[in-house]
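The exercises below ask you to work from the coordinates towards a description of the fold and of selected residues. Try each task before reading its solution.

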Amino acid sequence: MDATVRLAQQPEADALLGRSPLAIMTGMLLDQQVPMEWAFAGPYTIARRMGRDDLDAHEIAVYDPDRFAELLAEKPAVHRYPAAMAKRVQQLCQYLVEHYAGDAGAVWRDVNSGAELLSRLTRLPGYGQQKSQIFVALLGKQFGVRPRGWREAAGPYGDVGSYRSVADITGPTSLDKVRAYKQEMKRAAKAKQA
């Protein structure tokens, strides 16, 4: 796996995301209730605090939960909710160890269809339907993981030329477009409630 991504908007963190299946999967897991750049810088921060160049699912899966939570809570914290996210990251790694021998890339490496990829992703701890669809789109648009029907499995996130999610961010300009789209969706949702 080797892709150029600009999700963390930090060269070292983005380089890790581009080469490490577990890092990109962890960044996607962390991408909730914090700015996207903060979430996707998280895997790099975790790896550095563990004294590593990459994340290792086997190591994280068995890491002492209290110490792992402390590692994510160190200033600056990896997430707004470091203890909860530490638990989720460990659950994700434990699942990967149990079902994929700790190899995050195996989740998509041999899939035959977008539907199969989506199904595998929705079974991951912390990945619901929407997060899984966004990740399918991210894999297809930026990592070249394009099994038959991947755009359909990604739903609207797979649309060509859309700026709906992290799957569409390739730099500052597209980041601004995605943010504008999300703000418009929030405004529309509030208007519906009024």
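A polar contact is a pair of N or O atoms within 3.5 Å, where within protein one atom must be able to donate a hydrogen and the other to accept it, and where residues adjacent in sequence count only if both atoms are side-chain atoms. This is a predicted model, in which local features need pLDDT of at least 70 and side-chain atom pairs count only at pLDDT 80 or more, while totals for chains, interfaces and linings use all residues. Residues are numbered from 1 along each chain as its sequence is written, and side-chain values use heavy atoms, with hydrogens and water left out.

**Exercise 1. Describe the surroundings of Ser162.**

Step 1: Ser162 is placed in the loop between helix H10 (150–154) and helix H11 (172–193), helices being DSSP runs of H or I with at least four residues and strands runs of E with at least two, numbered from the N terminus.

Step 2: the side chain of Ser162 reaches the backbone oxygen of Asp159 at 3.1 Å.

Step 3: Ser162 counts as buried because its relative accessibility is 11%, where buried means under 20% relative accessible area, exposed over 50%, and partly exposed in between (1.4 Å probe, protein chains only).

Step 4: not counting residues up to four places away in sequence, Ser162 touches Lys141, Pro156, Tyr157 and Asp168, a contact meaning heavy atoms within 4.5 Å.

**Exercise 2. Is Gln90 buried or exposed, and which residues is Gln90 in contact with?**

Step 1: locate Gln90 in helix H6, which covers residues 82–100.

Step 2: Gln90 has 5% relative accessibility and therefore counts as buried.

Step 3: once neighbours within four places in sequence are left aside, the contacts of Gln90 are Ile60, Ala61, Tyr63, Pro65 and Phe68.

**Exercise 3. Which residues of helix H1 are buried, and which helices do they pack against?**

Step 1: within helix H1 (residues 11–19), the buried residues are Ala13, Asp14, Leu16, Leu17 and Gly18.

Step 2: these buried residues of H1 pack against helix H2 (21–30), helix H3 (36–49) and helix H9 (129–143).
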